[in-house]
Amino acid sequence: MASSTMQILAFALALLGVLGATVATLLPNWKVSADVGSNIMTAISQMQGLWMDCTWYSTGVFSCTLKYSVLSLPAYLQTARTTMVLSCMMGCLGLCLAALGLKCTRWGGSHRAKGHAAIAAGGCFILAGILCLVPASWFTNEVITTFLDSNVPESSKYEPGGAVYVTFVSAGFLLASGVIFCLFCHRKRDYTSTSTSTTFPDKLLQQQINQEQLQRDLIQCDLIQREQQQREQKDFKQQTSPNEQSSQEQLQWVDKGSQGKVQAADDIQQEKPLHEDKGTQQFYSPSRVPPKDTLAGYSLQDYV
């Protein structure tokens, strides 16, 4: 959290530095001369910049003339032109890379790519600050040296103007932002955990892959549970099959025994007596003829 805050601060400083360097490059007041004359049309102030010379008269008229000839310019002025343009270009490039390397942004690729972009942006800002600081220092040295020279007339002496101070401040902003970007970039601990498990350019893609992995795990768990249930059913069937056979055999023996008892009862019923008296019952086998009753052949007269 602290590193992302520092990156945002560095980005704001870099933006101010690039804007300041651009404005300072276009301003005409790199050195200023204040020579007040007695005439009403006397120039109050003369200013010289990198691209034009301007004069401000006491009547309020402000006129500027462009410097068309490049070869006629002194070396420090040609150098200042070149370095300031390069500084603005490097600053713009650094802003583009910094936008990709910020932690609070979604674009820029993986964490490792964002770290590289942040370091590259910091290098661009440092280089832009140096390119901005060199012409400002050289230009200021030339102005001060000329001002302290006694052989130079008073009308030709100049002082450093406001554009030089803006250039120094812009260079400071660029250097500070570059150092912050290099120090507070994505360190190894920020992306070592993701590098071991394959880095992804977007968090949404990583979440989708995690969800797919969870679904696969759930499907595998279901398959394993089904296999276990099938195995348990097979084991249960194998254990219950011999018990069923023994019970079937017992039922068969019981059926045979009941059938034997029924046949025995039928035989007993067939062996019941064919002739029964009221007083006594005598049982005879079917193969033997029952004896005749001798008393049945006598009449009442015979008894009398």
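A nonpolar core, as used in these legends, is a set of buried Ala, Val, Leu, Ile, Met, Phe, Trp, Tyr and Cys residues joined through side-chain atoms within 4.5 Å. Buried means under 20% relative accessible area, exposed over 50%, and partly exposed in between, with a 1.4 Å probe and protein chains only. The model is predicted: local features need pLDDT of at least 70, side-chain atom pairs count only at pLDDT 80 or more, and totals for chains, interfaces and linings use all residues. Residues are numbered from 1 along each chain as its sequence is written, and side-chain values use heavy atoms, with hydrogens and water left out.

**View 1. The largest nonpolar core has 16 residues.** Those with the most contacts inside this core are A21, W30, L50, L77, M84, C132 and F139. Helix 1, helix 2, helix 3 (111–148) and helix 4 (162–183) are the elements that give two or more residues to the core. Helix 2 gives the most, with five residues. Helices here are DSSP runs of H or I with at least four residues, strands are runs of E with at least two, and both are numbered from the N terminus.

**View 2. Here are the surroundings of C132, a residue of that core.** Which residues is C132 in contact with, leaving aside its neighbours within four places in sequence? They are A21, M84, S87, T167, S170 and A171, where contact means heavy atoms within 4.5 Å.

**View 3. S177 sits in helix 4.** Is S177 buried or exposed? At 0% relative accessibility, S177 counts as buried. Once neighbours within four places in sequence are set aside, its contacts are A10, L13, A14 and F125.

**View 4. D53 and K67 form a salt bridge.** The N to O distance between the two side chains is 3.2 Å. The rule asks for a side-chain nitrogen of Lys or Arg within 4 Å of a carboxyl oxygen of Asp or Glu, and by this rule the count comes to one salt bridge. D53 lies in strand 3 (residues 52–57) and K67 in the loop between strand 4 (62–66) and helix 2 (75–101), so the pair ties together parts that are 14 residues apart in sequence. D53 counts as partly exposed, at 24% relative accessibility, while K67 counts as buried, at 15%.

**View 5. A nonpolar patch on the surface is formed by L26, W51, V85, L86 and M89.** Together these residues have about 460 Å² of accessible area, computed by the Shrake-Rupley method with a 1.4 Å probe, where for residues only the protein chains shown count as cover. Patches are made of residues with over 30% relative accessible area and no salt bridge; like charges are joined within 9 Å, and nonpolar side chains (Val, Leu, Ile, Met, Phe, Trp, Tyr) within 5 Å. Helix 2 gives the most to the patch, with three residues. L26 lies in helix 1 (residues 2–26) and, at 58% relative accessibility, counts as exposed.

**View 6. Residues 84–105, 117–139 and 163–185 are listed by UniProt, in an unreviewed entry, under "transmembrane region".** The UniProt positions are given in the numbering used here, feature names are shortened, and annotations may be inferred rather than shown by experiment. In the model, residues 84–105 are 82% helix and 0% strand, with end C-alpha atoms 30 Å apart. Residues 117–139 are 100% helix and 0% strand, and their end C-alpha atoms are 33 Å apart.
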